[in-house]
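Thanks for sending this one over. Have a look at the model below, and then at my notes on the fold and the ligand site.

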Amino acid sequence: MAKVHAKPFDYEFAVPTTALIVIDMQRDFIEPGGFGETLGNNVKLLAAIVPTVKRLLDTCRKAGMTIIHTREAHRPDLSDLPPAKLKRGNPKLRIGDPSAMGRILIAGEPGNDIVAGCAPLPGEIVIDKPGKGAFYATALGDILRLRGITHLLFAGVTTEVCVQTTMREANDRGYDSLLIEDATESYFPEFKRAAMDMIRAQGAIVGWTATCDQLAAALHK
Ligand code: TIU
């Protein structure tokens, strides 16, 4: 067993029954011209965590852990896009519209790729998800069950949207989840802080948080 000096108390896990889930480290959220920027956000904040997410991936790879990447992605014919999601707000470009990186938030388009620094390696699992949570309308639950996974480490973007939604889905399904504090980011620093506080409040009501270095120390990497 590995023990991380996490908040609000130590987080214990065994590598064979743990997966690292890296949420939506996609050009659409992290580079100018993608979905995140069309929503009116400053994407520079998110780009800053790419080296830490890469270090986290390398740490978990060296430990031999199951690695899962997710992408927020819709089918080219938009058949999995609820009208409510398409019409919400007043973005410059809507999902499916052409942009400098291909069609916004559409599977297979350049903007939908995971950024080069966090690219999946052969053998790692990649899940396309139409929602904010990675369990909704995907095979994630079945994949974790088939591998006997009980513990989940989380990283990626954005903290209070797709990361926190997925952690809450995982929590209700019985997983013990640890969020890596410096490997997740929000367009809104105050939302990141609030999400961290919410997750670990009330005795880890949603899960735990710790830094990438604290995890690496627990894994002796
Ligand atoms: N991946 C993810 O978090 N999707 C979003 O739409 N996030 C926002 O913060 N908008």
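This is a predicted model: local features need pLDDT of at least 70, side-chain atom pairs count only at pLDDT 80 or more; totals for chains, interfaces and linings use all residues.

1. Residues are numbered from 1 along each chain as its sequence is written, and side-chain values use heavy atoms, with hydrogens and water left out.

2. The protein has nine helices and ten strands (DSSP runs: H or I of at least four residues for helices, E of at least two for strands). Its C-alpha trace spans about 50 × 35 × 30 Å along the principal axes.

3. Around the ligand you will find Asp24, Phe29, Phe35, Leu39, Glu72, Lys132, Val157, Thr158, Val161, Cys162 and Tyr187 (a residue is near if one of its heavy atoms lies within 4 Å). By class, this shell holds seven nonpolar, one polar and three charged residues; here Asp, Glu, Lys and Arg count as charged, Ala, Val, Leu, Ile, Met, Phe, Trp, Tyr, Cys and Pro as nonpolar, and the others, Gly among them, as polar.

4. Which residues make polar contacts (N or O pairs within 3.5 Å) with the ligand? Among them, the Thr158 side chain places an N or O atom 2.8 Å from a ligand oxygen, and a polar side-chain atom of Lys132 lies 2.9 Å from an oxygen of the ligand. Val157 has a polar backbone atom 3.2 Å from a ligand nitrogen. The ligand taken alone exposes 290 Å², and the protein buries 92% of that (Shrake-Rupley method, 1.4 Å probe).

Key:
A polar contact is a pair of N or O atoms within 3.5 Å; within protein, one must be able to donate a hydrogen and the other to accept it, and residues adjacent in sequence count only if both atoms are side-chain atoms.
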